Amino acid sequence: MNRPNPITRKLAVSFAMLVFVGIALMFVASEYTAYQVTTALAYGIAILGLNILTGYNGQFSIGHSAFFAAGAYVSAILITFAGWHPYATLPIAAAVTFSMGFLFGFPALRLEGLYLALATFALAVATPQILKVDALEHWTGGVQGLFFDKPDPIFAGLSVDHSLYLVTWLVFVVLMVGAWMLLHSRSGRAIMAIRDNPIAASTMGINLALYKTTTFGISAMLAGVGGAFFALANSFVSPDTFNFFIAVYLLVGSVVGGIVSIPGALLGGLFYVFGQEYAEEFSNLSEMIPPPWVTFGVLLILMMYFAPFGIWGAIERGWARLKR
Amino acid sequence: MSIKRFLLATGIAALTFNPALADTTGITDTSIKIGNTNPYSGPASAYSAIGKTITAYMKMLNRQGGINGRTIEFISLDDGYSPPRTVQQARKLVEQEKVAFLFQTLGTPTNSAIHKYMNQKKTPHLFVATGASKWGQPKKFPWTMGFQPTYDVEGEIYAKFVLENVKDPKIAILFQNDDYGKDYRDGFLRGLGDKKDLVISMLPYEVTDPTVDSQILAMKDSGANVFFNITIPKFAAQAIRKSCEIGWKPLHLLNNVSSSVGSVLKPAGLDCSKEIITAQYQRDPTDPQWKDTAGYKEWSAFMDAELPDADRSDINYAYGYNASKLLHHTLQNCKDMTRKGIMGCAANIQGLQLPMVLPGITVNTSATDFYPIQAEQLSKFDGQKWVLFGNIIDASK
Amino acid sequence: MDLFLQLTLAGLAIGSVYACVALAVVMIYQATDHFNFAQGEMAMFSTFVAWALYQVTGSIWLSFLIAVALSFIAGIIIERVIVKPVENAPIFNQIIVFIGLLMIFNNLAGWFWEHTTKTLPSLFPKHGIDSTLISTHNLGVILFTLLILGVTFCFFKFTKVGLAMRAAAANPDSARLVGVSVGWMLALGWGLASAIGAVGGVLVAPIVFLEPNMMSGVLLYGFAGALLGGVNSPGGAVAGGLMVGVLENWARQYVPGGSELGLTFALILIVGVLMFKPAGLFGRVIIKRV
């Protein structure tokens with residue numbers, strides 16, 4: 001009998017477990033919680049893209065809100081003007097943002113570190129302005145944005161929120177597995193080699209330009225898919241939603257979850273949504289406690305002291321210590 | 001018993017026992033739960049004074065025994081003026097906290113994001129703190145009601161004023177590039193009718209811009225003699241000061257949003273603010289002519305007792321007080337304390353004079369009129385205070 | 001022509017504020033190799049402190065000087081207490097700490113002093129020059145920024161401490177060997193940056209008015225200025241800041257569609273420049289050994 005190799009088995013087990021947890025959660029979560037988790041997952045998908053780009057490929061971006069916005073708008077426009085089924089818009093959103101990221105990857109080749117950060121940052125700052133431009137108003141809805149309905153439940157008896165949650169969860173799990181397979185393939189090793197030592201990588205025959213631009217494309221695509229789900233969960237898009245801060249939050253989620261990890265993306269998304277929520281509840285306990293964002297800021301700094309490799313890093317290290 | 005009466009009786013019974021028709025979520029005999037979102041952080045946090053005032057007012061009411069024996073549980077959450085965050089907070093309030101209704105949720109983009117949701121949930125979305133015109137559509141959105149005069153109507157008032165009083169007007173418009181700015185602008189353009197080409201310069205700015213200096217310079221250069229200033233307080237003050245510095249003295253029309261003497265005209269310089277015209281519906285707290293009116297005294301006593309450290313020159317404290325008073329009035333006179341009943345009571349107010357609203361401007365609503373305050377009066381700044389002139393202009397007539 | 005001149009001068013005035021922030025950013029970058037995202041909010045907080053002092057003392061110059069001194073001390077304390085634990089952590093961790101600081105300062109200011117717009121009087125006399133081309137304050141801001149640049153330059157060039165700071169940043173190990181306390185030099189860098197930020201804040205407050213979000217827009221432009229000029233050149237940072245201010249004003253007025261997309265155009269231009277001069281206009285290319 002053919003024994004599956006241990007890595008594939010580990011992957012299959014994690015996959016099954018994640019799907020199981022996702023479905024199990026659905027039975028206990030209220031509609032509101034389902035909605036919250038959907039939002040967290042939408043961020044999580046985008047964070048996954050950022051992890052691949054920054055954590056694994058070493059390219060720095062504080063402009064992923066632009067791709068997040070692009071994905072959201074592509075979905076919204078197809079739903080509103082072409083009457084597409086919301087889920088059918090996802091592949092298009094992915095394709096469009098992949099191309100955007102791939103193209104943006106070319107100028108990015110010439111820039112490194114801080115300068116790349118500035119270029120992506122320029123993209124993030126420009127996004128709301130571009131979405132508001134009068135010439136595009138017919139399609140983007142201008143300053144008001146676009147409003148549409150949430151997708152109908154995928155099967156009867158399910159609430160709209162639970163259904164969307166389930167779809168988002170499954171897509172997320174598939175994307176995580178995809179990312180895992182990519183990073184454990186030959187191409188994945190090339191991607192990481194470029195991060196660790198670009199010169200050595202190119203002497204080994206790795207086509208730097210191709211790998212870097214493609215990685216940028218994949219990363220942008222994930223951000224775009226995340227953005228599309230974000231739009232579906234909120235059932236609207238508007239330009240000022242996708243400001244520079246979304247890019248910052250994605251980065252925060254990425255580092256806090258664990259930037260060089262795949263499950264970290266999920267944790268980062270959850271941290272962002274629920275960390276904020278708990279910070280708010282904590283701050284509302286008494287008038288003597290400073291406002292939520294102060295609490296959240298303190299929490300961020302403490303995380304960096306006590307979990308320098310992110311939540312997933314801390315879990316991995318804790319697990320390794322237990323096994324010893 | 002005749003068949004007719006029997007049918008009627010069972011009909012009534014069915015009505016009272018049908019939970020969908022008597023939705024009393026958040027309301028008991030001793031309490032009522034009310035939700036609110038406000039920008040306590042983020043770019044619009046200057047408006048958080050409104051949320052603070054309402055919270056203080058509700059606290060005061062509870063000390064006095066609540067409304068008709070019901071204590072008020074007022075939950076006000078921060079949305080940072082970010083629409084998706086508003087959606088999240090509104091859902092939290094409606095689905096988790098199970099509030100009876102939302103009151104005075106602040107901002108145009110933020111309320112737009114929950115407009116449909118609130119109506120799907122059949123939860124009152126009362127007296128929203130924004131002047132967009134879309135809040136008064138009882139047919140399409142029977143659960144949402146506005147509060148203040150709408151931006152576009154105010155824009156129209158200015159346009160008519162210009163057409164009637166300025167010889168050979170050449171108009172420059174500076175507007176915030178969002179729903180609020182465009183509402184004002186479009187109202188103004190509509191008011192101009194077929195004379196839209198009088199507008200010779202129309203420039204936007206973003207809330208994230210540091211200054212509007214370059215726009216003011218360009219407008220002066222365009223040769224305009226009328227300036228319609230559609231900006232929020234910080235930028236309004238910048239625009240007034242800059243135009244003063246460069247010696248541009250057009251007829252300056254300032255949107256009501258930024259008519260506060262304390263937080264706009266004083267920072268910009270009272271001398272520079274002379275001759276500015278605005279349309280008002282509230283009593284400016286810094287204006288000495290109201291000092292001895294009953295309404296002002298009532299507000300002032302409230303501020304002394306509940307918010308002693310607040311900066312009273314900020315008109316948002318008066319705004320929050322007016323809104324709280326309106327809600328207080330609505331609930332106090334409401335017999336049918338269900339979600340639907342409260343909506344009905346909100347849509348049945350006649351001739352209510354709020355303490356910090358201009359004398360003669362009253363709240364009027366009906367089943368077809370979801371715009372509570374609709375009248376404004378033009379006024380000119382004399383270097384110290386706003387001087388009202390002309391008649392009260394009522395958009396509903 | 002008048003318009004062009006006015007736009008340019010207004011651009012220079014707001015640009016000099018960007019320059020101040022850029023200078024502070026560069027100071028910390030030189031000392032620590034990292035961009036401090038919280039720089040703007042720290043400056044805003046210092047400005048609020050100056051405002052609070054002004055309410056008590058009634059003298060703007062006195063309040064200004066005390067606030068700058070306090071900011072200097074606070075900068076040192078922040079480095080020693082908050083930033084030091086992540087000194088050797090990966091760059092992202094440091095960025096997150098900076099973002100945390102940004103959130104804390106921004107919201108604490110609102111909590112302490114409310115969110116209403118406040119006025120901080122100008123450091124300069126009201127009726128110094130009588131011109132519609134430029135106000136006294138704006139002129140004062142430009143000159144003051146140049147003065148600070150001069151002082152910073154002399155400090156680094158001619159003082160022992162300045163030399164030690166440069167040494168600590170350029171080659172920490174060797175600096176340690178010759179007896180420079182590298183840790184304290186870092187802290188000093190933070191202190192100076194925080195003090196320069198405070199100056200920038202007090203200069204910008206009379207133009208944009210004081211409120212907790214006063215610096216968020218300014219910071220974006222300050223960063224762009226620093227990168228345009230070159231992150232390792234204080235003079236470049238000032239030039240970069242000034243150029244960003246002027247460029248944006250020009251783009252708004254003279255580029256078709258610029259009124260809506262002024263910032264976007266300015267940023268595209270900067271990124272374009274960086275593609276050809278990757279180290280910024282006045283920066284040195286750092287050659288890394290691999």
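Modeller: Domain bounds come from an automatic or database domain assignment. The model itself is predicted. By such an assignment, chain B is divided into domain 1 (11-149 + 292-375) and domain 2 (151-280). The C-alpha centres of domain 1 of chain B and domain 2 of chain B lie 30 Å apart.

Biologist: How do you know that domain 1 of chain B and domain 2 of chain B are in contact?

Modeller: Two residues are in contact if their C-beta atoms, placed from the backbone, lie within 7 Å. In chain B, 14 residues of domain 1 and 16 residues of domain 2 are in contact across the two domains. The domain 1 side comprises 7 nonpolar, 5 polar and 2 charged residues.

Biologist: What makes chain B and chain C partners in an interface, and which elements of chain B contribute two or more residues?

Modeller: The cut-off of 7 Å between C-beta atoms applies here as well. Chain B has 28 residues in contact with 29 residues of chain C. On the chain B side, two or more residues each come from α2 (48-63), β6 (199-205), α7 (213-221), α8 (233-245) and α9 (261-268). This side of chain B holds 12 nonpolar, 9 polar and 7 charged residues.

Biologist: How many residues form the contact between chain C and chain A, and which element of chain C gives the largest share?

Modeller: Chain C provides 32 residues and chain A provides 30. Two or more residues each come from α4 (91-113), α9 (214-229) and α11 (258-276) of chain C. The largest share of the chain C side, 12 residues, belongs to α4(C). By class, that side has 27 nonpolar, 4 polar and 1 charged residues.

Biologist: What makes β2 and β4 of chain B edge strands?

Modeller: The open sheet has 4 strands in the order β2-β1-β3-β4 (chain B), with parallel pairing. β2 (71-78) and β4 (125-126) of chain B each pair on one side only, and they are accordingly the edge strands.

Biologist: Which helix lies across β1 and β2 of chain B, and at what angle to β2(B) does it run?

Modeller: The helix is α2(B), running at about 165° to β2(B).

How values were computed: Residues are numbered from 1 along each chain as its sequence is written. Chains are lettered from A and ligands numbered from 1 in the order in which they are written. This is a predicted model: local features need pLDDT of at least 70, side-chain atom pairs count only at pLDDT 80 or more; totals for chains, interfaces and linings use all residues. Ala, Val, Leu, Ile, Met, Phe, Trp, Tyr, Cys and Pro count as nonpolar, Asp, Glu, Lys and Arg as charged, and the others, Gly among them, as polar. Two strands pair if DSSP finds at least two bridges between them. Axes are lines fitted to C-alpha atoms, for helices over the stretch in contact, and angles run from 0 to 180 degrees between N-to-C directions.
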